[in-house]
Amino acid sequence: MDAMAKLQSEGSNFQEVAVPLPCPHVIERPLEEKPVVGLDSLFQEVWKWLQDKQAATIGIYGMGGQQTWRESRKRFWIDWTFQMTDGKGELKRGILAEEIRRVLKTKKFVLLLDDIWEPLDLLRVGIPPLGDGNQSKIVFTTRFADVCRGMAAQKSIKVECLEEKEAFFLFQAKAGEDTLNSHPDIPELAEMVAKECKGLPLALIVIARAMASAKTPEEWERNLKKLRLYPKDVAGPENDLFSVLAFSYDSLPDEATKSCFLYCSLFPEDYLIPSERLIQLWIGEGFIDEYDNIQEARNQGGEIIERLMHACLMEAGTTNFSIEGPDLKMHDVIRDMALWLACEKGEKKNKFVVKDGIGLIRAQEVDRWKDAQRIALWNNTSIEELRKPPCFPNMETLIGCMKSTFPSDFLTNMFVIRVLDFSNNNILELLAEIGNLATLQYLNLSNTRIKYLPIELKNLKKLRCLMLDGLFSLASLPSQIVSSLSSLLLFSMKPISSQSSMDEIMLLEELEQLEHINDISIVLTSIQSIQRLFKSHKLRRSTTFLQVAHCKGVNQLQLSPFIKTLELVKCDELEEVKIIHFEKQVVPSKFPNPECCFNRLLSVHILICKKLLNLNCLIHAPKLQDLLIVDSEVMEKVIEDERNEGSEIESGLSVFSRLTYLTLCNLPKLESIYGHVLPFPSLRRAMVQGCPRLKRLPFDSSICMNKKLEEISGEQEWWDGLEWEDQTIMHNLTPYFIVNPFEAYTI
C-alpha cells in the first residue's frame with residue numbers, strides 16, 4: 001500500500017510530460033546531384049589521398065574565401081553526431097572528449113575539421129590515435145600552411161582560385177538567370193565584373209548577390225567602375241567579403257608583420273613585387289628597424305614574407321630567379337582588403353592613395369590628399385602644375401615611379417617623410433628642396449635620367465638607405481655628399497656608364513668614413529680601386545655586391561669572403577680568381593667561417609673574360625645558387641679536382657649543392673664542369689650553348705629524383721653527343737631537354 005501511495009503521489013507531480021528524442025548517432029545525407037563549381041579536381045585529389053594507406057592526415061590550405069568546406073560537406077553523406085547537452089541546454093564539457101573517444105575508438109572513420117587556425121591536440125579532444133591498421137583518416141582545412149606542418153599532415157593540398165570559366169559559371173549561378181537575361185548587354189558586363197574577382201569564390205558569391213537586383217546595363221556599368229575603385233561599396237554593408245578575409249590579417253603575430261602586409265597594397269594590381277625592393281622599403285619605413293645590420297634586417301624581412309605566404313596573403317609571382325627571393329604578388333581581392341584596412345575600414349579613403357596609369361591628376365584631387373599617410377603613383381600618371389606648394393603634414397611615404405616629373409615645390413611641405421622612391425622615373429633633375437626633408441630615411445633614385453645630384457643631399461642626416469642604380473646619365477657624384485650621410489647603412493650604385501667620370505677612389509674613401517655602413521653594392525673599373533677596397537677592413541666586410549668591369553692590367557683577382565654577388569665583365573687579361581685568406585685555419589664544419597670561405601657567395605656572373613682559366617675558388621662557395629659563364633676562350637674546366645687546390649675544408653662540403661641556375665655559353669675549350677659526379681639537389685635550369693667539347697655532365701643518378709628540375713637546354717647536336725656512364729640518367733633527363741640553338745650572348 002505504501003508503494004502504491006508513493007507512485008500515485010509522484011504521478012500527480014509530472015514536471016516533464018514529454019522530452020525530445022535523443023539525436024541519432026548516424027545521420028544519412030544524400031549526395032548533391034549538382035557538381036560543386038571548381039572543386040571537382042580538388043575532391044579527386046583528396047579522394048586519391050583518402051585511399052592512400054600511408055596518408056592518415058590530409059591538410060587543405062589556401063586563402064580565406066575559398067568556400068571549400070561549406071561545399072565539400074555536401075560530398076560526404078554520413079556524419080557522427082554527439083549528445084552534447086544535458087537536456088536543459090547546458091554543455092557537458094567534462095564528458096565530451098570521452099564521448100567522442102567512446103564512439104570513435106572502435107570505428108573506421110573520416111574526421112572532417114573545418115577552418116583550423118592553429119595545430120589541434122587531437123588526443124585532448126577525444127580523437128584516438130590514427131594507425132594500428134584501422135585506416136581512419138583526418139581531413140582538415142586551414143588558411144595557414146604552418147598548420148599543416150603542425151598537424152603533421154602526410155599530404156598538404158593548396159586550394160587555388162577558380163579558373164576564369166569556372167569562376168564565371170559560379171557568378172552566373174549566384175546572380176541568377178533573370179538578372180543576366182534582363183538585357184542583351186548584361187552578360188558581357190557580368191563577365192567583366194566576374195573577372196575583377198580573380199577567381200576567389202567568396203568574392204564571386206558576394207559580388208554576384210549584390211548585383212542580382214541590377215537589371216539595366218547602366219547599373220552594371222556604374223557598379224563595374226565602382227568595383228574597380230571602391231570594391232567594398234559594391235560588396236554591400238554586411239561586410240561579408242572583407243570581414244571574412246580580415247581574419248587572416250588579424251591572426252598575424254605582431255604589428256610589424258601587419259604593417260608590412262598593408263604596405264604591399266601600395267603596389268598596383270597584378271604587379272610583381274621584387275622581394276629585395278620590398279624588404280628595403282620596409283627597412284626604410286622602420287618596420288624592421290631593431291637591426292643596425294642590413295643583412296639581419298633582410299633576414300627578418302624574409303621571415304615576414306614567409307609568414308605572409310604561409311597565411312596565403314601573398315604568393316610567389318613568377319619562377320624568375322633572384323638570390324633575394326621570389327617576385328611576389330597579391331590576389332586583387334586581398335589587395336583591396338588590405339587597402340580597406342589601411343584606410344581604417346574605408347573611413348579614411350585618402351589615407352593610402354594609389355594611382356596607376358590614370359593620366360593627368362588635377363590640382364583639386366591633390367588637395368584631397370592633404371591627410372594622406374602614403375602616396376604611390378605608378379606608370380603613366382602625371383600631376384598638373386600647382387598654383388601653390390601642397391602641404392602633406394602626415395605623409396610618410398611617396399612612391400613616384402611615373403613616366404613624368406613632379407611639379408616644382410611638390411616636396412616642400414613634407415614634415416615627417418621617411419621614404420622617397422623615384423625609381424624608374426623620367427625625372428632629369430633632383431631639386432635642392434630635397435635637402436629640407438630632414439626625416440628622410442630611404443631614397444631611391446635608380447633608373448632615372450638625373451644628370452646631377454644637388455649638394456643639399458648632404459643635409460639628410462637620418463638617411464639609412466641610398467639607391468643610385470642605373471644612373472647612366474649621371475656625370476659624377478659631388479664630393480662630401482656620401483660622407484655627410486652619417487646614418488647611412490646601405491649604399492648601392494650599380495652599374496655605371498662606361499662614359500662616367502666617377503672618382504671611385506674618392507667614393508670608397510667617403511664610404512669608409514661612415515660609421516654605420518654595412519651594405520655596399522658598387523662597380524669598380526681600375527686596379528687601384530680594387531686595391532683600395534680590399535685594403536680597408538670596413539669596406540671589405542661591407543661590400544656585398546661587386547662588379548669589376550672593363551678593368552685593364554689585372555691578371556689575378558683576390559676577393560673578400562664577404563661578397564654575396566660577384567660580376568666580372570670584360571676583364572680581358574684576367575686569368576685567375578682567388579679568395580683572400582685572412583687567417584689560416586682548418587674548417588671544422590660544413591659551413592665554414594666566412595674568413596676563409598665564400599660562405600656568403602650566392603651569385604657569380606662572368607662575362608667576356610677571355611683568358612680566365614677556371615673558377616677553382618667556387619669549391620669554397622657551398623651556398624652558390626647562380627652561376628653564369630659567357631665567353632672564355634681558354635677555360636677547360638670550371639672547377640679542377642679539389643685536391644689540386646690545397647684546400648683544408650672537409651671533404652663533406654657539398655659542391656654545387658645549392659646551385660639553382662647554371663648557364664655556360666661560348667666556351668669552346670670547356671671539357672669539364674667538375675671532376676666528379678654530384679647530386680645537384682637544387683638545380684632547376686641548366687643552359688649549355690657553344691660548348692662543343694663538353695661531353696659529360698657531372699650528374700649522378702640522384703639528379704633523376706630532383707623534383708625541382710625544370711629544364712636543360714642546349715643544341716640538339718651537343719645533347720646527342722653527350723657520354724653517359726649510366727644510360728638511365730640520360731633516359732630520365734631527356735624529357736627535360738629543350739632544343740635551344742646557339743646564339744651569341746650579348747650584354
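Tutor: Rings of Phe, Tyr and Trp (its six-membered ring) pair if their centres lie within 6.5 Å; planes under 30 degrees apart count as stacked, over 60 as edge-to-face and the rest as tilted. By this rule there are 14 aromatic pairs. This is a predicted model, where local features need pLDDT of at least 70 and side-chain atom pairs count only at pLDDT 80 or more, while totals for chains, interfaces and linings use all residues. Residues are numbered from 1 along each chain as its sequence is written, and side-chain values use heavy atoms, with hydrogens and water left out.

Student: What makes F171 and W220 an edge-to-face pair?

Tutor: Their centres are 6.3 Å apart with 65 degrees between the planes, and the rule asks for within 6.5 Å and over 60 degrees. So F171 in helix α6 (residues 164-175) and W220 in helix α10 (residues 217-229) tie together parts 49 residues apart in sequence; helices here are DSSP runs of H or I, at least four residues, and strands are E runs of at least two, numbered from the N terminus. Both F171 and W220 are buried, meaning under 20% relative accessible area with a 1.4 Å probe, protein chains only.

Student: Why is the pair W719 and F737 called stacked?

Tutor: The centres are 4.5 Å apart and the planes sit at 15 degrees, so stacked it is. W719 is in helix α21 (residues 716-720) and F737 in strand β30 (residues 737-739), 18 residues apart. Both W719 and F737 are buried.

Student: How do you know that K494 lies over the face of F545?

Tutor: A charge sits over a ring if NZ of Lys or CZ of Arg is within 6 Å of the ring centre and within 35 degrees of the ring normal. K494 is at 4.9 Å from the F545 ring centre. The charged end of K258 likewise sits over the ring of Y249, 5.5 Å from its centre.

Notes. Buried < 20%, exposed > 50% of the residue type's maximum accessible area, 1.4 Å probe, protein only.
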